[in-house]
Amino acid sequence: MSLLYSSVPPLKACPGQETINEAFHRLAHMSDEISIAVGYISLLSLKELDEVVRENNISRVTLTVGMYGKEGMPEQSYHKAKAYNRKWQENGIGEIRLVRSFAFHGKLYYFSKRNQPIAVINGSANLGVIKLEATNLRQYEVASLIEDQTEILNTKQLVDRINADPISSNIDEVEGLQLIREKNCDLGKSDLAEPVTSDDLDVYRKHQTDLSFLLPLKVPTEAERIAGEGSKDSCMKSNINVCYARPRSSRKSRDWYEIQFTVDKSITTQPGYPQKNAPFIAITDDGYKFKAHTTSDGNKQFNAVGDELLLGRWLKGRLVAAGLVKPVNDTMKDVTREGMITREMLDEYGCHNLRLTKTDKTIEDPEDGSLDVWTLFFE
């Protein structure tokens, strides 16, 4: 048994002694199977593990994460983990699982070649140790490298139990998992959006009335996005992908955050729907407020007042924060439409509509006087 340390001074590994990171990559290079059970993961460590699997032609990989079932899982990590899980399953090499029945805080790494055990790393290091980054460069971890065959097999039996039903489940099969939403940094770039405290948001929730409207998001499927010009009508009629429509100037692309939220006449003609050019205050479910209104013929356009990108920064910014899409700097150069919002993205995020609900509260506005307050939720 050898002890492995982090590389943090003054407790860094002694000369000739491996760090946990070094031992992991060395053993992975010797293996064709890796089985891991840890408490937590990071985005960069997920990517690193996938690269290790690819570069070393690993034929079997299982990653089980033990703490998120009880604590909730950061949404970026969740979506990335699901993506890698699908990739590994499609390639027939493995899966990512979550412990659901209890909180598992262990850190176990098993390596084998042709069904013959090589070693086990057992210690304090979560998956983040395999990819050093700013958040863990000064973090000290210690682990044991176990090479005794009896001890390896004992540990492997424990890992196998954690990796199996009913203790854990494939991440695609987990229902009711609490997701910890990432902060939408894009909306903060607008001076017209103000944060709302969680207490105030709870007050507005309690004062919602029965006057409510469900506003569907019109988006193409992934297949339609890939088809490109062949499905131009479908893509261009999407109310949140208007940035891919013909630019107003041949010299300047539309901003990726630009959306043109067109609401169907069957909704806008319902009693109580906001009247054209009559401003109101929108309170979002993630804790922001801004002035909004309806415009155009038949009050079919829904948008923020004074900032044509604000609604897009709120809506698309949430998908960016979730790690489901990346902003596009120049939409005219995005010929494959990688930045286009698709139905599959909304499926993954779990939201397909905006819910606009009137409250019985008002807010005094210095320009427009007393304004009605509506809640605007992405659901």
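## Salt-bridge exercises

The side chains of K82 and E348 form a salt bridge, with 4.0 Å from N to O; a salt bridge here is a side-chain nitrogen of Lys or Arg within 4 Å of a carboxyl oxygen of Asp or Glu. This is a predicted model, where local features need pLDDT of at least 70, side-chain atom pairs count only at pLDDT 80 or more, and totals for chains, interfaces and linings use all residues. Residues are numbered from 1 along each chain as its sequence is written, and side-chain values use heavy atoms, with hydrogens and water left out.

**Exercise 1.** Find which parts of the chain K82 and E348 link, and say whether they are buried or exposed.

*Solution.*
1. K82 sits in helix α4 (residues 75-90) and E348 in helix α11 (residues 343-349); helices (H or I, at least four residues) and strands (E, at least two) are DSSP runs, numbered from the N terminus.
2. The two residues are 266 residues apart, so the pair links distant parts of the chain.
3. Both K82 and E348 are buried; buried means under 20% relative accessible area, exposed over 50%, and partly exposed in between (1.4 Å probe, protein chains only).
4. K82 and E348 also belong to a network of salt bridges with R86 and D172.

**Exercise 2.** Work through the salt bridge of R97 and D165.

*Solution.*
1. Their side chains meet at 3.0 Å, N to O.
2. R97 is in strand β5 (residues 94-99) and D165 in the loop between α5 (149-162) and β9 (168-170), so the bridge ties together parts 68 residues apart in sequence.
3. R97 counts as buried at 7% relative accessibility, whereas D165 is exposed at 59%.
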